[in-house]
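Visitor: I would like to learn how to read a few local features of a protein model, taking them one at a time. Could you take me through them with the structure in view?

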Amino acid sequence: MGRRCEFALLKRHLKWADTRHTLSGACIETRALDELIPDWKDKGCPLTTPVKEDKFALLTESGRIPIPILPGMPMYNHGNYVVRLGYLVKWLGEQAEGMGIELYPGYAASEVLYHEDGSVKGIATNDVGIAKDGSPKEVFERGMELHAKCTIFAEGCHGHLTKQLANKFNLRDKAEPQSYGIGLKEVWEIDPAKHSPGRVEHTVGWPLDKNTYGGSFLYHLNEDTPLVAVGFVVALDYTNPYLSPFREFQRFKTHPSVRSTFEGGKRIAYGARALNEGGYQAIPKLTFPGGCLIGCTAGFLNVPKIKGTHTAMKSGMLAAESAYEIVADENTPTDKGMGIKKYIIFRNISLKFIS
């Protein structure tokens with residue numbers, strides 16, 4: 001199937017975010033992108049900072065114990081790229097729009113629509129232009145209904161529509177319970193003398209105790225100004241009721257081996273997001289009448305690598321390939337949602353890809 005068809009399917013089911021909604025600094029494997037857009041370098045893709053240096057360490061309250069990273073280990077990042085993910089999302093959106101695809105940034109899918117037989121018919125977007133008291137403003141615009149033969153849900157971790165689908169179609173029947181973390185992220189402009197584009201650093205340990213799962217990342221970006229993306233992840237199964245993930249993040253930045261990076265710098269962006277951390281055993285059933293789940297909605301974050309972008313892309317490509325025959329067939333009935341059973345092969349044969 002041509003890549004044009006894969007992009008064409010996206011307009012039916014994905015909400016594209018703009019750079020304001022996608023803050024994360026990311027370390028990306030390009031295998032899915034290489035397959036989807038082989039000439040991405042020639043097309044101006046903003047992946048311009050290859051990883052040049054990997055660092056991993058265990059922090060104590062006042063010390064730092066380096067841990068070697070060898071080829072083949074999950075945290076080995078040579079060959080990957082660091083990027084502000086919002087720039088990549090924007091570029092991908094431009095590629096899609098250049099092929100005539102309709103994108104709706106700023107509009108969220110707020111409701112699942114169903115056929116009379118109970119299969120998924122599509123989604124409805126939210127109303128916009130509503131005042132705080134619930135009344136419509138002059139710019140009020142009613143949400144749209146988007147109908148499709150197959151709707152692919154990609155709403156990220158613990159999405160509200162996905163939870164409804166899981167309950168309706170019993171998608172988690174044979175899956176282990178999903179576990180979650182929170183990732184707090186900031187982008188800093190730092191002293192050029194402390195900047196090393198292409199450096200990737202991760203730590204575990206302090207300020208978290210031995211019973212609390214989590215760690216940090218620090219990516220040196222190569223842009224017009226000396227920027228670093230820093231983040232801190234805390235698993236949400238922590239037992240200390242007084243623990244504040246945000247405060248632990250701020251404590252992390254005061255560590256003797258870390259604080260010098262930020263001294264004299266300026267924070268220019270910040271945010272947070274939820275993470276799936278249950279792994280392969282927590283992946284639910286992926287398909288149901290009228291659609292399927294992909295990306296973090298399905299739980300495809302590779303936890304040992306702390307990577308989910310390329311697995312989200314690949315799962316979307318596989319889902320699109322599986323749905324193509326249904327979408328392209330004019331004889332396929334439109335009064336019921338069609339399942340895409342071929343997509344379930346992702347769980348069985350693509351583990352090598354996401355490993």
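Guide: Let us begin with a term: a residue is called buried under 20% relative accessible area, exposed over 50%, and partly exposed in between. Please keep in mind throughout that this is a predicted model.

Visitor: With those cut-offs in hand, is Ile306 buried, exposed or partly exposed?

Guide: Ile306 has a relative accessibility of 43%, and therefore it counts as partly exposed. The residue is placed in the loop between α7 (295-298) and α8 (309-328).

Visitor: What should I look for in the backbone of Ile306?

Guide: The general idea is that most residues other than glycine have a negative phi, and most peptide bonds are trans. Ile306 is not a glycine, and yet its phi is positive, at about 55 degrees. Asn170, also not a glycine, likewise has a positive phi of about 55 degrees, and it is found in the loop between α4 (160-169) and β12 (180-189). With a relative accessible area of 48%, Asn170 is partly exposed, because that value falls between the two cut-offs.

Visitor: Which peptide bond is cis?

Guide: The bond from Trp206 to Pro207 is cis, with omega near 10 degrees, and Pro207 has its place in the loop between β13 and β14.

Visitor: How does one look for empty space in a model?

Guide: Rolling a probe the size of a water molecule over the atoms shows where empty space is left. In this structure the second largest pocket has a volume of about 300 Å³.

Visitor: Which element gives the most to the lining of the second largest pocket?

Guide: That element is β14, with four residues. The elements that give two or more residues to this lining are β13 (199-205), β14 (214-220) and β15 (227-235).

Visitor: How many cavities of 30 Å³ or more does the structure hold?

Guide: The structure holds one cavity of that kind, and about 50 Å³ of space lies in the largest cavity. The residues that line the largest cavity are Arg64, Glu201, Thr203, Ser216, Leu218, Phe252, Ser257 and Val258, and they divide into three nonpolar, three polar and two charged. Strands β13 and β14 each supply at least two residues of the cavity lining.

Visitor: What joins the side chains of Glu201 and Arg64?

Guide: The two side chains meet in a salt bridge, at 3.5 Å from N to O. The pair links distant parts of the chain, since Glu201 is in strand β13 and Arg64 in strand β4, 137 residues apart. Glu201 is buried, with a relative accessible area of 11%, whereas Arg64 is partly exposed, at 29%. Both residues also belong to a network of salt bridges that links Glu53, Lys55, Arg64, Arg199 and Glu201.

Visitor: How many salt bridges does the structure hold?

Guide: There are 14 salt bridges. One of them pairs Glu35 with Lys314, the closest N and O atoms being 2.9 Å apart; here Glu35 lies in helix α2 (residues 31-36) and Lys314 in helix α8, 279 residues apart. Lys314 is buried, because its relative accessible area of 10% is under 20%, while Glu35 is partly exposed, at 29%.

Another salt bridge joins Arg142 to Asp127, with the closest N and O atoms 2.9 Å apart. Arg142 is in the loop between β9 (136-141) and β10 (145-147), and Asp127 is in the loop between β7 (120-125) and β8 (128-130), 15 residues apart. Arg142 counts as exposed, because its 57% relative accessibility is over 50%, and Asp127 is partly exposed, at 27%.

Visitor: To finish with the surface, which residues make the nonpolar surface patch of about 220 Å²?

Guide: The patch is made by Leu58, Ile65 and Ile67. Ile65 is found in strand β4 (residues 64-66), and at 44% relative accessibility it counts as partly exposed.

Technical notes
Residues numbered from 1 in each chain as written. Predicted model: local features only at pLDDT ≥ 70, side-chain atom pairs only at ≥ 80, totals over all residues. Heavy atoms only, no water. 1 Å grid on protein atoms, 1.4 Å probe; cavity = no way out; pocket = protein on both sides within 12 Å on 5 of 7 lines; lining within 4 Å. Points joined across faces, edges and corners; volume = space filled by probe spheres on them. Patch = residues over 30% accessible without salt bridge, like charges linked within 9 Å, V, L, I, M, F, W, Y side chains within 5 Å. Areas by Shrake-Rupley, 256 points an atom, 1.4 Å probe, with all protein chains shown as cover. Salt bridge = Lys/Arg side-chain N within 4 Å of Asp/Glu carboxyl O. Buried < 20%, exposed > 50% of the residue type's maximum accessible area, 1.4 Å probe, protein only. Nonpolar A, V, L, I, M, F, W, Y, C, P; charged D, E, K, R; others polar.
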